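Welcome, and please open the model in your viewer. We will go from stop to stop, with something to select at each one.

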Amino acid sequence: QVTTTVDQLDLGTAELSEAGNYLVTVSNMCGSDASLGNQVINPILTLDPIAPQTVCAGNDVVFRANATGTSLNYQWLVDGVDQSVNSSELIIDASDVQPFDLNTSKTYNVECKITSTTGCGDDSQSTTLTVKPNTLLHATLKNVPKYVGESYTMTVDVTGIDLVFEWTHELTDGTKVPLTETGPSVTLTNITMADAGYYTCKIIGACGQRLASGKLTVKEPVTIVSGLNTLEEKCVGDPLSLSISATGQISSVKWFKNDILIPSETSLNLYFAALGLADAAVYKCEIEGEGISVITETTTVRVYSQTVLNTSLSDTTLCEGSVLDWIPDIDGTSSMTFEWTMDGVNVSDQKILHYDALALSNEGNYEIQVTSMCGDVSSNAKLEVLQLPVYVASTAGTSICENEPLVEFTVEYTGEQLKYQ
């Protein structure tokens, strides 16, 4: 209560505590009167800071404004776009805020502005909304078969942010072995049987965890242990086994003779009980099976006739100085070796025994020995070399009378089987 003689009440700076009803009583000696009035004091507008938020994609977001003042009007803006919400609470639907892409976050600018119909000022606060992509597994690991020696890369098709990968290999005996790989892929080179088993990848992201698993089956591919020889040389009548040794799952075996299929032969062994000359050819085996397209083994088979002495050597008589070409009548393989001997001494290693001019010293007992992979033969004969006539002496010329006895003339020659005329 204030008593004064003036017609005004000065309250100074308005304070909220001074709001209320005011009664003024006016009096003098003639009487008194009273008047009642109400003082409304509106608070100044203030808006507290709004905390930033980080959410994962697919979640609704709520921002709340904590403000002082009366008769407040709210305006919310997201990236400068008015949301038409006149409320202290802004609810953003998940579909309206998305990450930049499947692997990148996106940050939105959120602003709240307040005004009042009382005219007691305005205020605003800005904050941010960060939307992170969810951890999404688009394709899990596959169950695949591989062969020893091959390479294989397994990859998880995953998107998200702040991803951490934890790989585990479960061996065929159930033992679980952590792997050192820290990325979305594991690469196996020169695969062995020990690489078989289940592979599991645990993916930990800022917005969720995922698990991928797949099985690697390791098989032994078809492998040739021992193949065909490049060349097989045999004799008529010999047996022959063209054999191939292989490991792995074989699905098909085909044999070819000079590139013509042999329909009845489907095993890894092509057997000939007794070879004939017609069996000489190029043989090819095509093998199909696990882990291969086609493996080809090839060999050339040569078949030679048995070594045969058609006609034995015959005793021969020639004159001294004659040319000799002694040719044995022999059939058989081209890879024959020859050995001529005279009285047990080697004289030639050629098929034809040749002398340009026979000497008396060439006379003797001859033998030829023929050696080959298809049999050995020999033959012998005697070579006689006749000496040429050589003048030694003769009766000297003489003169006699008629009716005297005849004179005998004589000549002396050396040589063999001499005849005089």
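A cavity here is a set of points on a 1 Å grid over the protein atoms alone where a 1.4 Å probe fits but cannot get out, and its lining residues have an atom within 4 Å of a point. The model is predicted, so local features need pLDDT of at least 70 and side-chain atom pairs count only at pLDDT 80 or more, while totals for chains, interfaces and linings use all residues. Residues are numbered from 1 along each chain as its sequence is written, and side-chain values use heavy atoms, leaving out hydrogens and water.

**First stop: the cavity.** Select Leu141, Lys142, Val144, Tyr152, Met154, Tyr199, Gly214, Lys215 and Leu216, which line the largest cavity. Strands S14 (152-155) and S20 (208-219) each give two or more residues to this lining; strands (E, at least two residues) are DSSP runs numbered from the N terminus.

**Next stop: the core.** Now pick Phe63, Trp76, Ile92, Cys112 and Leu129, which touch the most other members of the 21-residue largest nonpolar core. Such a core is a set of buried (under 20% relative accessible area) Ala, Val, Leu, Ile, Met, Phe, Trp, Tyr and Cys residues joined through side-chain atoms within 4.5 Å. Centre on Phe63: its contacts (heavy atoms within 4.5 Å) beyond four places in sequence include Ile50, Trp76, Ile92 and Leu129.

**Last stop: Lys113.** Find Lys113 in strand S10. Lys113 has a relative accessible area of 34%, so this residue is partly exposed, a term for values between 20% and 50%. Draw a line from its C-alpha atom to that of Leu11: they are separated by 32 Å.

Note on methods
1 Å grid on protein atoms, 1.4 Å probe; cavity = no way out; pocket = protein on both sides within 12 Å on 5 of 7 lines; lining within 4 Å. Helix = DSSP H or I, 4+ residues; strand = E, 2+ residues; numbered from the N terminus. Buried < 20%, exposed > 50% of the residue type's maximum accessible area, 1.4 Å probe, protein only.
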